Amino acid sequence: MTGLRDAAHDAPIAPAGATRLDVRDLNVWFDPPRGVAEPVHAVRGVDFSLGAGERFGLVGESGCGKTTTMLALMGLLPPSAEVSGQVLLDGVDILPGGEKGFIPRRWKQLAMVFQGAQSAFTPVKTIGWQLAEPIRLHENVSGRVADTRVRDLLARVGLPAHAARRYPHELSGGMRQRAAIAMALACDPRVLLADEPTTALDVMVQAQILNLLHEVTSENGITLVFVTHDLPVVVQLCERAAVMRAGEVVEEAVVGDLVSSPKHEYTRELFAATPSLFSIPARDPREAGVPILSVADLYTRYPVKRTFTDVVARRPKRSVRAVDGVSLSVAPGELLAIVGESGCGKTSTVQTVLGQVRPSGGTVEFDGRDFAHLPARQQRAARRRIQMIYQDPYEALDPRLRVRNIVAEPLRVHHVPRRERTERVLATLERVGLTPGTAFADRFPHELSGGQRQRVAIAAGLVLGPEVLVADEPVSMLDVSLRAGILQLLDGLRRTEKLGVVLVTHDLASAAHYADRIAVMYLGRVVEEGTAAQIVNSPQHPYTRALLAIAPDLARVGVRGEVLTGEPPDATAIPVGCRFHPRCPVAEDRCRTIDPVLTEGSRDGHRAACVLLELEVTTQ
């Protein structure tokens, strides 16, 4: 083992064009679950070879073996796992040495960005301390040198120096992900493994992370293995990609060839389930019905707790302007999509609409009555007609209850007679595709797949027979085929049962494929609204154009749009004038003083809140 450890420290850097990472016939077995005789063969004969600076995508759905492969390369599998094959790093096989062979290579030669930036950090240590830890561990440097390196790392990933003094929970999701990448780069590794680093991030933050990975790998010759279930992201970032299924690589090719002529049936199925902004399905024009849900000039404020310093300095009370004058409507059978970055107010809007948050101003009119200001008892009675599907099916379902009890809970709360519950639960399970209902009713959530769990969550929202269904990011954590199945289910329900559906999402392609209308939100306000075709084909607001420019798409092989700089301003201090002007690439002086309102352009129903559009309309 000593010779292998020395070889790790002294291994020469591979010359340009040489193989940096060579994985040969990698296999992983896990101990069999109770009642099963054979071990679980999780990874089956995986092979790929990468050169210095190459970006390689590993694509597949949950359970296919992607993350297990990455953990095997890092030597982080549990002791019960059995691994065979070869993992050659700059020509040296690092598997035979076991843990002693991996320790000197982690961080210095091989580093990993783990899925879920929040869980990658210790919550009780500052970001700076955690970035310095691998430097102190692997390099004999002083604390001052380590601090300097930390500042350089933060600057390298686009974070301010003061981020070093922050704790993980004090950073936004995008900033945490940048910090996680900085930690992986702390000891200048030669190979970077990124396991789902953009999952559940909104489209703008995702684009920032993809651009960052492209820059650090290009500038430093780092080999990147990028694991994801999102095909458009691989198309945008990687040069080659492999598709995994059931532990095996079923197809590998240059990204352009993989998109234009996939050979394997499974690859073709994945592509077919992935919507594109460049192929929006045609919709028959239909008259807008009378809205069943109308939101008018809605405001929601969250007071910010004053600190001792605020009191001493006599600073005025502040509040988060989460929803800042939103007006929306949805008719029976209509699907309205609300899109925008994290923190734009999407979720706060739907929470206020549902009565979970008391509005600071405005009205929420449901079926002709002001739902938001009804007395609590009347609001509760009305709420059975407007239900919500939450983002995370893992957290939305009580793990201690069987499916029949989870779906029956709303019936119990609203005092539906016990004798009716079983029949309604089974019928609703079958409505959402869990057929036969009796086969699923007695299972627990952990016995279901992610898509099945989300269908149970939808069933719980449908069992009362609502007229409006609000879905808050219902597919952001699902694989591409499961995502398509859930969206098709919602689309079918609103067509056949005339449900009004409000879909909150950051996925523009999905919104364009399934929504009748799209509302784009920025910093608490709707800045553009129109039909899906209007929003995608002729966006009027600069923010909408920016979102569309960087949205990953299968038709954009190797194309990376220009990303907006920075993050949205603090919602406690919204800029004067147009709230988008600090980030707007076409802002003029008047944008700093005029606060635009939604103005209808040349097309019916297509509105945007832009000073330039207002001037154009008024001069026609």
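**Note on cavities, cores and covered helices**

1. Leu293, Val295, Leu328, Ser329, Val330, Leu336, Ile338, Thr349, Val350, Val353, Val470 and Val502 line the second largest cavity. Two or more of the lining residues come from each of strand S11 (293-303), strand S12 (319-330), strand S13 (335-339) and helix H13 (346-353). Its volume is about 80 Å³. The lining holds 10 nonpolar residues, 2 polar and no charged. Here Ala, Val, Leu, Ile, Met, Phe, Trp, Tyr, Cys and Pro count as nonpolar, Asp, Glu, Lys and Arg as charged, and the others, Gly among them, as polar.

2. On the basis of this note: the model is predicted, local features need pLDDT of at least 70, side-chain atom pairs count only at pLDDT 80 or more, and totals for chains, interfaces and linings use all residues. Residues are numbered from 1 along each chain as its sequence is written, and side-chain values use heavy atoms, with hydrogens and water left out.

3. On a 1 Å grid over the protein atoms alone, a cavity is a set of points where a 1.4 Å probe fits but cannot get out; a pocket is an open set with protein on both sides within 12 Å along at least five of seven lines; lining residues have an atom within 4 Å of a point. Points are joined across faces, edges and corners, and a volume is the space filled by probe spheres set on them. Helices (H or I, at least four residues) and strands (E, at least two) are DSSP runs numbered from the N terminus.

4. Threonine 349 sits in helix H13. Why does threonine 349 count as buried? Because its relative accessibility is 1%; buried means under 20% relative accessible area, exposed over 50%, partly exposed in between (1.4 Å probe, protein chains only). Beyond residues up to four places away in sequence, threonine 349 touches Leu298, Val323, Val326 and Met521. Contact means heavy atoms within 4.5 Å.

5. The whole structure has 6 cavities of 30 Å³ or more. The largest cavity holds about 410 Å³. Its lining has 26 residues, with Gln206, Asp230, Arg483, His506 and Asp507 closest to the centre. H8, H9, helix H20 (480-496) and H21 each supply at least two lining residues. That lining divides into 12 nonpolar, 9 polar and 5 charged.

6. The largest pocket has a volume of about 1100 Å³. It is lined by 44 residues; Ser172, Gly173, Arg176, Ser342 and Gly343 lie nearest its centre. Helix H4 (117-120), helix H7 (173-184), S12 and H13 give two or more residues each. H7 gives the most, with 4.

7. The largest nonpolar core has 68 residues, and Ile458 and Ile518 have the most contacts inside it. Such a core is a set of buried Ala, Val, Leu, Ile, Met, Phe, Trp, Tyr and Cys residues joined through side-chain atoms within 4.5 Å. A second, separate core of 56 residues includes Met175, Ile181, Ala194 and Ala484.

8. Helix H23 (residues 542-550) is mostly covered, with 7 of its 9 residues buried. Its buried residues pack against helix H8 (203-220), helix H9 (231-237), helix H21 (508-514), strand S19 (517-522), strand S20 (525-531) and helix H22 (532-537).

9. Helix H2 (residues 66-74) is also mostly covered: 7 of its 9 residues are buried, among them Lys66 and Met74. Glycine 75 follows H2, with a positive phi near 70°.
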